Amino acid sequence: MNRFDEISALLQKGRPRELSALVKEELEDGTSANDILLKALIPGMSIVGERFKKNEIFVPEVLITARAMNAALNILKPVLAQAGVEPVGTAIICTVKGDLHDIGKNLVKMMIEGTGIRVIDLGVDCPPERVVEAVKEYHPDIVCLSALLTTTMVNQKATIDALKEAGLRDQVKVMVGGAPVTQAFADEIGADAYTPDAATAAEVARAYFN
């Protein structure tokens, strides 16, 4: 097993301490941070995503993996920045106004970050005007809106409408998701994409940059 495979395996097992140690060791040995990201971490997250979609693993395992990924990214980000390696793009993510659920949002955030996209997390209970401000501030490529309640789904539409009113809608791709959300609802409110799970969300987000 080569070192990239070892890093990928530790990521998939959700071992943040061992993973961080091996990533640091590779950097000290002269391996580029970009290679570690592209040849070990992103492929590892892709495998986790595929297994999640096939119901071979479940949310708790994915959260453990996401924690390990976060630990590795915290080491790599400053090195990548120093080397002038830019993220492929930027996404904003939030749970919409009135909704305090964040597990799904956090999963999507980690999976999207795992594809090399920078993610700005606006948190939960996020009003439409906050999303508009963030689009003006960060100039993202993608806006991801999560809603876990039938009563808060309407605020996905309210957010899209606010982006239209601000003249920003055409500048971003809007992705929606959450337990009660469907493809039909996404079409109805004018979203660019609906995804049923975090792994698919990451695939769709990354495809915008291919």
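Which residues in helix 1 meet which residues in helix 2? In this predicted model, Arg3, Glu6, Ile7, Leu10 and Leu11 of helix 1 meet Glu18, Leu19, Leu22, Val23, Glu25 and Glu26 of helix 2, where contact means heavy atoms within 4.5 Å. By class, this contact has six nonpolar, no polar and five charged residues; Ala, Val, Leu, Ile, Met, Phe, Trp, Tyr, Cys and Pro count as nonpolar, Asp, Glu, Lys and Arg as charged, and the others, Gly among them, as polar.

The model is predicted, with local features needing pLDDT of at least 70 and side-chain atom pairs counting only at pLDDT 80 or more, while totals for chains, interfaces and linings use all residues. Residues are numbered from 1 along each chain as its sequence is written, and side-chain values use heavy atoms, with hydrogens and water left out.

Helix 1 (residues 3–13) packs on helix 2 at an angle of about 155°, their axes being 9 Å apart. Helices here are DSSP runs (H or I, at least four residues), as are strands (E, at least two), numbered from the N terminus. Axes are lines fitted to C-alpha atoms, for helices over the stretch in contact, and angles run from 0 to 180 degrees between N-to-C directions. Helix 1 and helix 2 are therefore roughly antiparallel to each other (over 145 degrees; under 35 counts as roughly parallel, 65 to 115 as roughly perpendicular and the rest as oblique). The crossing of this pair is left-handed, a term used if the near helix is turned anticlockwise from the far one by less than a right angle, with right-handed used if clockwise.

Helix 2 (residues 16–28) also meets helix 4 (residues 59–82), the axes coming within 8 Å and crossing at roughly 25°. Helix 2 and helix 4 are therefore roughly parallel to each other, and their crossing is right-handed. Pro16, Leu19, Ser20, Val23, Lys24 and Leu27 of helix 2 make this contact with Ala68, Met69, Ala71, Ala72, Ile75, Leu76 and Val79 of helix 4. By class, eleven nonpolar, one polar and one charged residues take part.

Glutamate 113 counts as buried because its relative accessibility is 9%; buried means under 20% relative accessible area, exposed over 50% and partly exposed in between (1.4 Å probe, protein chains only). Leaving aside neighbours within four places in sequence, glutamate 113 touches Asn70, Leu73, Lys77 and Val119.

Histidine 101 sits in the loop between strand 1 (90–95) and helix 5 (103–113). With a relative accessible area of 38%, histidine 101 is partly exposed. Its side chain is joined to that of aspartate 99 by a polar contact of 2.6 Å (a pair of N or O atoms within 3.5 Å; within protein, one must be able to donate a hydrogen and the other to accept it, and residues adjacent in sequence count only if both atoms are side-chain atoms). Residues up to four places away in sequence not counted, histidine 101 touches Thr95, Val124, Leu148 and Leu149.

Most residues other than glycine have a negative phi. Aspartate 125, although not a glycine, has a positive phi of about 50°; it lies in the loop between strand 2 (118–121) and helix 6 (128–138) and is partly exposed, at 38% relative accessibility. Histidine 139, not a glycine either, has a positive phi of about 50°. Histidine 139 is placed in the loop between helix 6 and strand 3 (142–146) and is exposed, with a relative accessible area of 58%.
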